[in-house]
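Visitor: I'd like to learn how to read a few features of this model. Could you walk me through them?

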Amino acid sequence: MKSEHPQLLPLLKQFFGFTSFRPLQEEIICDSLSGKDTFALLPTGGGKSLCFQLPALARDGLTLVVSPLIALMKDQVDALTASGIAATFLNSSLAADESRERLRGLHAGKFRLLYVAPERLMLSGFLEDLKRWNVRLIAVDEAHCISEWGHDFRPEYRQLAELRAHFQNVPVMALTATATGRVREDIVKHLRLREPSCYVASFNRPNLTYRVLAKSKPYDQVFEFVRARPRDSGIIYCQSRKAAESVAERLSEDGIRAKPYHAGLTPDQRSKHQELFLRDDVRVICATIAFGMGINKPNVRFVIHHDLPKNIEGYYQETGRAGRDGLPGECVLLFSAGDVVKQTQFIDEKPNPQEQKIAREQLQQMVHYAECASCRRSELLAYFGEEFSADSCEACDNCLSPRATFDGTLAAQKFLSCVYRIREKNGFGVGLNHVVEVLTGADTEKIRKWDHTKLSTYGIGKEHGRPEWAAIGRELVRLGFLRQTREKFSVLELTNAGAAILKQRTKVTLTKPVTAPETKTHRAGEIACDEVLFERLRSLRKKLADERDVPAYIVFSDVALRQMARDYPANERDFARISGVGEKKLREFGEFFLAEIAAHLQTNPRQIFADETFVVPLTQRSSLGDTARETLRRFRAGETVPQIAASRNLVIGTIFGHLATAIEAGENIDLNQLASAEAQSEIAAAFKKTGWGNIVGARELLGEKYDYGLLRVFRAAVNRR
């Protein structure tokens, strides 16, 4: 699309550091600037916020942003302020004097953007204030909250319809990352959008890998995954507050910096834990779904669902918090039939029958996704009405490691026949669990009451256990041979296709259920770079961010740092070409990063990188001995090498030996706990001159500045890479 607003690209580069728009951004912005109502459905990480932030800079007046979470407001306002944009928020987190100061600024026309919660809009006198502040655009973020069919319905969002009466000539923009066709219709209807331009981007997140693992000793599964990625940040979603607390506590005991986040914590605790995570002081948050809506942390590298999500919209949005910077993100769901039972019990406790029906339908769709044998990306996209044309996405477990299939003709005939015989005898259908009990010859009150011991299918399925039969039944539903009703007492019904299977004895191929974690991991979109320089730049970014009291990514994203560590910019002109470097950030940070890159190149050769992605395998549990594992446990808990040696009555060299052995056995060690980035660069340079086999020569070249044991650990880590 050729822009009708030629000033947009200069503004984009000046304030945000980008030279081009993402898909659909420019069209949405231009329609909004032309005064049209707009509906924008862009995936998480697709650049929704820019769609209302850039128009705020392209014209006079105030852009009002309705946002559901206090944390999201602060996060976005911090990022805008760091880019030189006048923005503010008003919410309950502010002291009275802070609110008054911001109100004075609004009356004086000081700000371009104002973030508020929906409840704030309806407070007495606030609408009158808005009318005096020259509002030119109303942006409703997370607009799916207005629909009861959405995954996060909020009744207060329904009040937003009143804005249209008060601001008849002001365009309204509705934005969301997750909405089915039904939810989209609800958003347009309840916000009273007038002939809106509707933009729906692809839901595909090509940099994300999706996997579902059979849930077995879930903490061990989580721990193995997280410790294999010692530098990565991630979110672990848990169904209950108790689980979030427990997982965070155990991870902390095992040397992984983790904090819980849930509604049972005080607001101050939640705010503190979130801030620690945003600033990379804590690398794992264990949370209920209360965490993360709109959290703009771009370098979340993984999202683990410890428990089954309630619906696909929520799952999609939560997984979407990984890889927002476009670098690889991993999404892992731990699945068990027991979680389905728990979710069903919660649904049964809902007082509203309509809410129960919606929740059952959504849970069935979630279970279908978890158990399907087809491409998970294709399944996700199909749910949102989008077709994925490729035969394989090469970035989900089912595509990377297709599950085994078997001739399930006999099993299908037994199951379908049992459903048929029960209805034939009683005139009504029964649920999946009852069919399984009949097949396995169970002795229950209902089987005796309905005389099902006399059915020809009673006890004919003892070759499979109940969980296997339940999985077979659910797959027959997915294949369209059975239909499952969505009432409270859900029953199975034979479809025409299922009846044909019985009559024609057609061959049926079934899939073996997931029984063990997969070992392949595809990391699409990784940017190869000088990893030692990347770590130096990360340390510098953290220092600069702490000095300014903001999260690290507000200084620069991981994408920007990787580009710096790949391209080695040597002057301001080269530095300005890095993605995300706008005018203000060039002025404020360019000198520091250019100096760090130059210092690195004084002792390290420039590397050349091919334009290719790479695959990182999952680390397997090693077979370390008990004494080395105890050293490793203490080291990960934060003890220094001298402290471990003293407490265990061992010499320091032995402790270094344990750590080197651990690395050689496949364990990950954070070298930053042993040596600074400068020291690591110095050691690497010495080894390059003397050869990696010559520890004595390297130590002499370094003036015996470092312990032999440290050099052995460093060499082991480099060799493993």
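Predicted model: local features only at pLDDT ≥ 70, side-chain atom pairs only at ≥ 80, totals over all residues.

Visitor: Which elements do the buried residues of H13 pack against?

Guide: Using that cut-off, the buried residues of H13 pack against strands S8 (208-214), S9 (233-237), S12 (300-305) and S13 (329-335), along with helices H15 (353-371) and H16 (376-383).

Visitor: And how many residues of H13 are buried?

Guide: Buried means under 20% relative accessible area. In helix H13 (residues 312-319), eight of the eight residues are buried, so the helix is largely enclosed by the rest of the structure. Among them are Ile 312, Tyr 315 and Tyr 316, but also Glu 313 and Glu 318.

Visitor: You mentioned H15 and H16. How do I read their packing angle?

Guide: Angles over 145 degrees count as roughly antiparallel. H15 and H16 pack at about 160°, with their axes 9 Å apart, and are therefore roughly antiparallel to each other. The crossing of H15 past H16 is right-handed. On the H15 side the contact is made by Gln 365, His 368, Tyr 369 and Ala 370, and on the H16 side by Arg 376, Glu 379, Leu 380 and Tyr 383. By type, the residues of that contact divide into four nonpolar, two polar and two charged.

Visitor: At what angle do H2 and H3 pack?

Guide: Helix H2 (residues 25-33) and helix H3 (residues 50-58) pack at an angle of about 45°, their axes 9 Å apart. H2 and H3 are therefore oblique to each other, and their crossing is right-handed. H2 contributes Gln 25, Ile 28, Ile 29 and Leu 33 to the contact, while H3 contributes Leu 50, Cys 51, Leu 54, Pro 55 and Ala 58.

Visitor: Now for single residues. Is Phe 415 buried or exposed?

Guide: Phe 415 is buried, at a relative accessible area of 0%. It sits in helix H18 (residues 409-426). Leaving out residues up to four places away in sequence, Phe 415 touches Leu 432, Val 435, Val 436, Leu 439, Trp 469, Gly 473, Leu 476, Leu 482 and Leu 492.

Visitor: What about a loop residue, say Asn 299?

Guide: Asn 299 is in the loop between strand S11 (284-287) and S12, yet at 4% relative accessibility it counts as buried. Its side chain makes a polar contact of 3.2 Å with the side chain of Lys 297. Beyond its neighbours within four places in sequence, Asn 299 is in contact with Ser 233, Asp 280, Asp 325, Arg 541 and Asp 558.

Visitor: And backbone angles?

Guide: Most residues other than glycine have a negative phi. Glu 195 has a positive phi, near 40°. That residue lies in the loop between helix H9 (181-190) and strand S7 (197-200) and is exposed, with a relative accessible area of 74%. Asp 549 also has a positive phi, near 60°, and lies in the loop between helix H23 (531-548) and helix H24 (552-555).

Terms used
Residues numbered from 1 in each chain as written. Heavy atoms only, no water. Axes fitted to C-alpha atoms, helices over the stretch in contact; angles between N-to-C directions. Helix = DSSP H or I, 4+ residues; strand = E, 2+ residues; numbered from the N terminus. Parallel < 35°, antiparallel > 145°, perpendicular 65-115°, else oblique. Left-handed = near helix turned anticlockwise from the far one by under 90°. Contact = heavy atoms within 4.5 Å. Buried < 20%, exposed > 50% of the residue type's maximum accessible area, 1.4 Å probe, protein only. Polar contact = N/O pair within 3.5 Å; in protein donor to acceptor, adjacent residues only side chain to side chain. Nonpolar A, V, L, I, M, F, W, Y, C, P; charged D, E, K, R; others polar.
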